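Take a walk through this model, one site at a time.

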Amino acid sequence: MTTQKFILKEDMDGHLLSLSHPDGPYGMNWAEGSTAWGTVCIPEWPRAYEGWGEPKFRHPLKVTIQREVLENGFLQERYSFTNTTDFEVYIQKGEIQIYTPFNDSYESAAECKVHRCNAHIWCGDGASYVMSWRMGGAGPHLGLVLTEGRLAGYGIERDIKRGSNDRGDIILLSMPMRIRPKETKNIAWELFWFQEEREFFEILESKPNYIGIKGKRYVYFEPRCPLRL
């Protein structure tokens, strides 16, 4: 799939194998990892025992992935989770995991400058983003801003044999949620290109769910126990 802003290579399950800029000077793949971008891990629930054997498990959620280029040229990804059961499903913090393997690893200096990035991740509930810079500083760079749903944090899946030279696959983690029977909950974000930090935050500030705090000086107060009478 090629658009004016993105070149995408997908597998049969809708996972991204490659994401690059059509006019990028180095042909960098920004979505390179051990596990394909868009791979989703969800919890399993045990069903009734059958005889004396091991319990059988099933997924109570149906997962669908939609990928669309918007009018502004941004790439929207929506991950939908539909409760296929007749009972409510409660998702704990981090139980839904979405792989976003930004290409953050260290090879030779020459390779890193043009084909690797530093991914700066902020998972702040509904105001979450990733600012991914090419290590050499030459744009375009890749940004991600959450537009629907909530993120609790991120995890890293690493090959320990590679040590600190490979950050590993980045996995975005969901906040707790309750999904009623036949209900669908979404986690969605937009991917976009930017040239400098100022442009990145201008894009974030145009989103209604983004909260940014600026100030010359900050004062932080440690929370205290409430007064008990």
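Q76 is buried, at a relative accessible area of 12%. Here buried means under 20% relative accessible area, exposed means over 50%, and partly exposed lies in between (1.4 Å probe, protein chains only). Note that this is a predicted model: local features need pLDDT of at least 70, side-chain atom pairs count only at pLDDT 80 or more, and totals for chains, interfaces and linings use all residues. Residues are numbered from 1 along each chain as its sequence is written, and side-chain values use heavy atoms, with hydrogens and water left out.

Q76 sits in strand β7. Strands (E, at least two residues) and helices (H or I, at least four) are DSSP runs, numbered from the N terminus. Look at what surrounds Q76. Setting aside neighbours within four places in sequence, Q76 is in contact with Q66, R67, E68, L70, W189 and E190. Contact means heavy atoms within 4.5 Å.

Now look at E77. E77 also belongs to strand β7, which covers residues 75-83. Is E77 buried or exposed? E77 counts as buried because its relative accessibility is 0%. Its contacts, not counting residues up to four places away in sequence, are L16, W37, Q66, R67, I187, A188, W189 and L191.

Which side chains make polar contacts with the side chain of E77? W37 does, at 3.0 Å. W189 does too, at 2.7 Å. A polar contact is a pair of N or O atoms within 3.5 Å; within protein, one must be able to donate a hydrogen and the other to accept it, and residues adjacent in sequence count only if both atoms are side-chain atoms.

Turn to charged pairs. How many salt bridges does a search of the whole structure find? The search finds 13. A salt bridge is a side-chain nitrogen of Lys or Arg within 4 Å of a carboxyl oxygen of Asp or Glu.

One of them pairs D86 with K182, with the closest N and O atoms 3.6 Å apart. This pair links distant parts of the chain, 96 residues apart: D86 is in the loop between β7 and β8 (89-91), and K182 is in the loop between β15 (177-179) and β16 (184-194). D86 is exposed, at 68% relative accessible area. K182 counts as exposed as well, at 52%.

Another joins D125 and R150, whose closest N and O atoms are 2.8 Å apart. D125 lies in the loop between β10 (117-122) and β11 (129-134), and R150 in the loop between β12 (141-148) and β13 (151-157), so the pair ties together parts 25 residues apart in sequence. D125 is partly exposed, at 29%. R150 is partly exposed, at 37%.

E183 and R180 meet through their side chains in a salt bridge of 4.0 Å, N to O. E183 is partly exposed, at 22%, and R180 is partly exposed, at 39%. Salt bridges with shared partners also join E10, R67 and E77 into one network.

Finish at the surface. I211, I213 and Y218 form a nonpolar patch there, with about 410 Å² of accessible area together. I213 is in the segment after α2 (197-205) and counts as exposed, at 66% relative accessibility. Patches are made of residues with over 30% relative accessible area and no salt bridge: like charges are joined within 9 Å, nonpolar side chains (Val, Leu, Ile, Met, Phe, Trp, Tyr) within 5 Å. Accessible areas come from the Shrake-Rupley method with a 1.4 Å probe; for residues, only the protein chains shown count as cover.
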